[in-house]
Amino acid sequence: MSAPASRHPANEHFDRSQHGHLVIVGGHEDRENSKDILSRFVQLCGGTQGTIAVITAASRVPDVMWERYDTVFREIGVREVVRVDLPDRATANDPGLAARVRQCDGIWMTGGDQKRLLAMIGGTLLDEAMHGALKESGACIGGTSAGASAMCGHMLADGKADLLPEKGSVSLGAGLGFVQRVVIDQHFSERHRLARLLTIVAQNPYLLGIGIDEDTALVVERGVGIEVIGAGSVTVVDGRAMISNVADIPAGGTPQLIDVRLHLLPTGSSFALPGEINHPHQLPPDATRDTPAPLTDFIRTVTKRNPLS
């Protein structure tokens with residue numbers, strides 16, 4: 001079965017190597033019907049002629065995950081889907097495997113446990129190859145659920161806050177660092193995770209909080225802009241100007257949070273940095289040219305072309 005026609009026409013003057021994309025999915029993306037998110041991911045990988053690697057290391061049932069995504073990508077029409085089988089961390093340091101992944105047009109990380117994923121690939125040759133593919137070749141990196149949370153430099157590692165923000169209830173760890181100065185939560189509306197995201201931002205106001213609903217993706221075109229696709233919304237929490245007593249209350253307490261800024265970006269939202277929309281890009285044709293000023297710094301942060309380190 002082939003994917004439906006996209007509303008994102010190909011740009012014949014577009015040079016993928018100058019950009020690179022992230023497709024950050026809140027989990028439970030549609031894999032049976034229109035497959036909008038996965039079809040967009042394939043398009044950003046260069047189309048069905050591209051090679052897509054699937055990393056299942058976050059999952060305790062990697063065979064099931066591999067079969068699931070191998071099937072759906074082939075239904076969309078992708079001719080070459082490569083399994084990145086990682087029985088242990090040593091395999092992630094195999095030069096041959098890293099070189100193979102480095103040449104792929106797209107890299108997809110499945111759901112599972114982001115701590116497990118980072119324990120397996122963080123700081124390895126495979127990690128380095130993924131950064132090279134994104135930043136030097138313009139590959140598209142996608143991740144769903146745990147694979148989404150792992151994309152940022154500061155990764156949500158553990159914990160919950162059910163009804164209200166709760167000091168000390170959520171911990172962060174080192175992520176893969178494809179995007180910096182943000183923390184990403186997934187299954188956001190469905191699992192009522194606003195209190196958890198506010199907990200993180202309260203204790204780490206330097207970070208912008210991003211909550212992504214299920215079957216929803218934040219698509220990032222490096223250096224250019226963002227779009228939201230799928231069925232839900234993306235919530236952005238900005239606490240950089242907030243007034244809080246979080247440093248003075250005991251662990252387990254609920255902090256005062258005054259002047260916290262919240263942005264809600266439903267599906268179909270698309271914004272470009274000033275001036276970038278006039279250059280070759282792969283944002284929708286109707287991408288907003290006049291990005292609201294309060295949103296500009298967020299877009300600048302998530303689209304920043306961080307150098308290869």
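This is a predicted model: local features need pLDDT of at least 70, side-chain atom pairs count only at pLDDT 80 or more; totals for chains, interfaces and linings use all residues.
Visitor: How many helices and strands does the chain have?

Guide: Helices (H or I, at least four residues) and strands (E, at least two) are DSSP runs, numbered from the N terminus. Here you get nine helices and 16 strands.

Visitor: What share of the residues is buried?

Guide: Buried means under 20% relative accessible area, exposed means over 50%, and partly exposed is in between, using a 1.4 Å probe and protein chains only. The chain has 309 residues, and 56% of them are buried. As for the accessible surface (Shrake-Rupley method, 1.4 Å probe; for residues, only the protein chains shown count as cover), the chain has about 12,900 Å², with 50% belonging to carbon and sulfur atoms.

Visitor: And what do the contacts say about sequence separation?

Guide: A contact means heavy atoms within 4.5 Å. Take the contacts between residues at least 6 apart in sequence: 76% of those join residues at least 24 apart.

Visitor: Now the rings. How many aromatic pairs are there?

Guide: A pair of aromatic rings is described by the distance of the centres and the angle of the planes. Rings of Phe, Tyr and Trp (its six-membered ring) pair if their centres lie within 6.5 Å; planes under 30 degrees apart count as stacked, over 60 as edge-to-face and the rest as tilted. By that rule there are five aromatic pairs. In one of them, phenylalanine 41 and tryptophan 108 have ring centres 5.0 Å apart and planes at 65°, so this pair is edge-to-face. Phenylalanine 41 belongs to helix H1 (residues 36–44) and tryptophan 108 to strand E4 (residues 106–109), so to speak distant parts of the chain, 67 residues apart. Phenylalanine 41 and tryptophan 108 are buried.

Visitor: Why does the pair of tyrosine 69 and tryptophan 108 count as tilted?

Guide: Their ring centres are 5.7 Å apart and the planes sit at 45°, so the pair is tilted. This pair also links distant parts of the chain, with tyrosine 69 in helix H2 (residues 62–76) and tryptophan 108 in strand E4, 39 residues apart. Tyrosine 69 and tryptophan 108 are both buried. Ring pairs join Phe41, Tyr69, Phe73 and Trp108 into a cluster.

Visitor: How do H1 and H2 pack?

Guide: Two packed helices are described by the angle between their axes and the distance between the axes. Axes are lines fitted to C-alpha atoms, for helices over the stretch in contact, and angles run from 0 to 180 degrees between N-to-C directions. H1 and H2 pack at about 70°, with axes 10 Å apart. That makes H1 roughly perpendicular to H2, given that angles under 35 degrees count as roughly parallel, over 145 as roughly antiparallel, 65 to 115 as roughly perpendicular and the rest as oblique. The contact is made by Leu38, Ser39, Phe41 and Val42 of H1 with Tyr69, Val72, Phe73 and Ile76 of H2.

Visitor: Which residue lies over the face of tyrosine 206?

Guide: A charge sits over a ring if NZ of Lys or CZ of Arg is within 6 Å of the ring centre and within 35 degrees of the ring normal. Here arginine 181 lies over the face of tyrosine 206, 5.1 Å from the ring centre.

Visitor: What is phi of histidine 28, and where does this residue sit?

Guide: Phi of histidine 28 is near 55°, a positive value in a residue other than glycine. Histidine 28 is in the loop between strand E1 (21–25) and H1, and at 49% relative accessibility counts as partly exposed. Serine 145 also has phi near 55°. Its loop runs between strand E5 (140–144) and helix H7 (146–149), and at 13% relative accessibility serine 145 counts as buried.

Visitor: Where is threonine 303, and is the residue buried or exposed?

Guide: Threonine 303 is in the segment after helix H9 (293–302) and, at 1% relative accessibility, counts as buried. Leaving aside neighbours within four places in sequence, threonine 303 has contacts including Val220, Arg222 and Leu273.

Key
Residues are numbered from 1 along each chain as its sequence is written. Side-chain values use heavy atoms; hydrogens and water are left out.
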